[in-house]
Amino acid sequence: HVQLVESGGGSVQAGGFLRLSCVASGSIYSDACVGWLRQVLGKEREAVAVKHRRSDSAYYDDAVKGRFTIFQEDANDTLYLQMNNMKSDDTAMYYCAAGPSIPLYGDNWRNERYFDLWGQGTQVTVS
């Protein structure tokens with residue numbers, strides 16, 4: 001049984017930075033798709049950054065390109081989202097997610113239906 005747990009959220013001023021972490025309980029030895037998604041209060045959830053666990057390539061929403069980085073730390077099997085130069089529009093509940101190793105191309109990375117493991121969410125607030 002695998003669960004995902006996010007941490008690292010909080011309040012930060014515009015221009016600041018945060019690093020979100022996602023830890024999995026239980027191990028899956030496959031090139032899974034992993035990602036970060038966020039949901040603004042009253043809005044639909046949207047994908048922010050998605051990648052294959054073993055790949056250096058990633059897909060980013062245009063709103064965060066050049067500011068956010070998704071990466072995996074193999075030593076502790078933790079997924080991170082580094083968020084730099086944060087803006088007020090980044091305020092949201094952030095979720096990590098994982099799913100089967102499907103090919104990523106076009107805009108299919110944006111579709112959350114590919115993910116079947118979800119964290120509980122961590123709140124990020126930018127003043």
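Strand β9 (residues 92-99) is largely enclosed by the rest of the structure, because seven of its eight residues are buried. Buried means under 20% relative accessible area, exposed means over 50%, and partly exposed lies in between (1.4 Å probe, protein chains only). Strands are DSSP runs of E with at least two residues, numbered from the N terminus.

This is a predicted model: local features need pLDDT of at least 70, side-chain atom pairs count only at pLDDT 80 or more, and totals for chains, interfaces and linings use all residues. Residues are numbered from 1 along each chain as its sequence is written, and side-chain values use heavy atoms, with hydrogens and water left out.

**Pairing of β9**

Two strands pair if DSSP finds at least two bridges between them.

| Partner of β9 | Sense | Bridges |
|---|---|---|
| β4 (residues 33-39) | antiparallel | seven |
| β11 (residues 122-126) | antiparallel | three |
| β10 (residues 117-118) | antiparallel | two |

Toward β11, Y94 stands opposite T122.

N85 sits in the loop between β8 (78-83) and β9. Its phi is positive, about 45 degrees, although N85 is not a glycine.

Definitions and conventions
Helices (H or I, at least four residues) and strands (E, at least two) are DSSP runs, numbered from the N terminus.
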